[in-house]
Amino acid sequence: MTGLKNLPSISIIDDGSASNGAAAMPRAGDRDAGGGGGESAESKLIIVGSGPAGLTAAIYAARANLEPIVIAGYAPGGQLMITSDVENYPGFPEGVQGPELMALFRQQAERFGTRFVDLDVDRVDFGQRPFRLWAGDVEYRAESVVVATGASALWLGLENETRLRGRGVSACATCDGFFFKNRKVAVVGGGDTALEEATFLTKFADEVLLLHRRDSFRGSKIMQDRALAHPKIRVRWNTEVLDVLGENSVDGLKLRDTVSGEETVEAAQGLFIAIGYKPNTDLFRDWLDLDGQGYLVVRDETGSKIDGVFIAGDVHDHRYRQAITAAGDGCRAAIDAERWLEAQGITESATASAW
Ligand SMILES: Cc1cc2nc3c(=O)[nH]c(=O)nc-3n(C[C@H](O)[C@H](O)[C@H](O)COP(=O)(O)OP(=O)(O)OC[C@H]3O[C@@H](n4cnc5c(N)ncnc54)[C@H](O)[C@@H]3O)c2cc1C
C-alpha cells in the first residue's frame, strides 16, 4: 500500500478564467455587497463535500454551466482517502488507490471550471433563497445546494489500528473482503452491520472471529441466527480489542475478556471494524429531515424537504455505501438541481451535450 497522495492544490476561488462563459463569480475575498460586512461568494449551485458523490455532482454541474463551488471539507476526497486498493470501481481493471481515484475525480471537476474551497461548512441557513453557507470567514450564497457530506466510519481509536488501516484493518467488508481469501479475520461489533460483515467474509476467509464486548448481539434475530449457525464464524463474547499486532500488516490481536479481565492473543490477518458509521449531518439538523440513525431523508429521488436542496451519497445511503453508488447519486443530484434551477428560471435549459 502506498501513502496518501495529496489532491491537486487549489485556490479558494479562481479568477473565473476557467469558467464556461457565464458571468464571472465574485471572488471569495470580495466584500459583501449585501451589507453584511463580511466576505461572500455566490453560485447557482454549491456542493458540500468532495467524496465521490460531491465530485461527480461537480463534474455534471460544471458541464451544465452551473459554475459550481465545491466546499470540499477539511478532509477533501472523503472516505476513499483512507483506503488503499479500490478494486471494484469500474474502469480500473488493475485496481486503483483510493486517493489516486479521488484526485482524478477532482481533476475532472476542475477541468470544467469547478471552484474548490478546502474548508468545512460551519453553519448553514436554508431559511430562504439564496441559501447561505459559512466556511471560514466567508459567507457563500447559492440558489441550490447539493449536500454530499458522507458518513464517517467509527473506529476503536487504537494507535496500531490507525497505523495498519489498509494493511489488514478495514471498515468495509464489501470493499476489502476479497483480499482475505483463505485467511483468518476478525470482525468487531454486535449490531446488524457486524453480523452482515462477518457472514459476508465467510465467502473468502477460512475463519471469521466475531468479537463483541457484550454477551448478546444487538442485531436482528435473522442475522444473528445466520451468523451463529455459520460453521466458519466463531463468536467471542465479552471481548474487547486491546491492540492490533503486526509490523507491516496485521498478524494478530491482543484481546481482553471484559468479565474476567484475562488477556489473550489471537492470530488474525484481517480486522474489520463494524461498530457503526456517523453520518455527517449535524450541520443540517435544523433544516432537513433526519432518520432514526441520523442520516438525511431524501424525497423524490435526490430532493429534500427544502426545494432546491438536494442530497447525494452516503450522507443518506446506509444501505449500499459504495463509491460507485455515491457517484451515481451525485450525478442524479446534479441533474435534478439543474432541472430545478431551470424550472425556477435561474438557468437556461442545459443542452443535451451538457450531460
Ligand atoms: C476503509 C474504507 C474502504 C472503502 N473501500 C471502498 C472500496 O474499495 N470501494 C468502494 O466502492 N467503496 C469503498 N468504501 C466506501 C466509499 O468510500 C464510500 O461509499 C464513499 O466514499 C461515499 O462517498 P460520499 O461522497 O457519499 O461521501 P464521503 O466519501 O464520506 O465524502 C464526504 C465528504 O464530505 C466532506 N464533509 C463532511 N462534512 C463537511 C462539512 N461540514 N463541510 C464540508 N465538507 C464536509 C468530507 O470532508 C468529505 O470530503 C470504503 C470506505 C471505507 C471507510
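Predicted model: local features only at pLDDT ≥ 70, side-chain atom pairs only at ≥ 80, totals over all residues.
1. Residues are numbered from 1 along each chain as its sequence is written, and side-chain values use heavy atoms, with hydrogens and water left out.

2. Strand β12 (residues 207-211) has four of its five residues buried, so the rest of the structure largely encloses it; buried means under 20% relative accessible area with a 1.4 Å probe, protein chains only. Helices (H or I, at least four residues) and strands (E, at least two) are DSSP runs, numbered from the N terminus.

3. Strand β11 (residues 184-188) runs parallel to β12 and is joined to it by five bridges, whereas β12 and strand β13 (residues 233-236) pair in the parallel sense over four bridges, pairing requiring that DSSP finds at least two bridges between two strands. Leucine 209 in β12 is the bridge partner of alanine 186, and in β13 the bridge partner of leucine 209 is arginine 234.

4. A right-handed β-α-β unit is made by β11, helix α5 (residues 192-201) and β12 (right-handed: with the strands pointing away from the viewer, the path from the first strand over the helix to the second runs clockwise). The crossover from β12 through helix α6 (residues 221-229) to β13 is also right-handed.

5. Pro52, Leu55 and Ile59 are among the residues of α1 that meet α2, where the residues met include Met102 and Phe105; contact means heavy atoms within 4.5 Å.

Key
Buried < 20%, exposed > 50% of the residue type's maximum accessible area, 1.4 Å probe, protein only.
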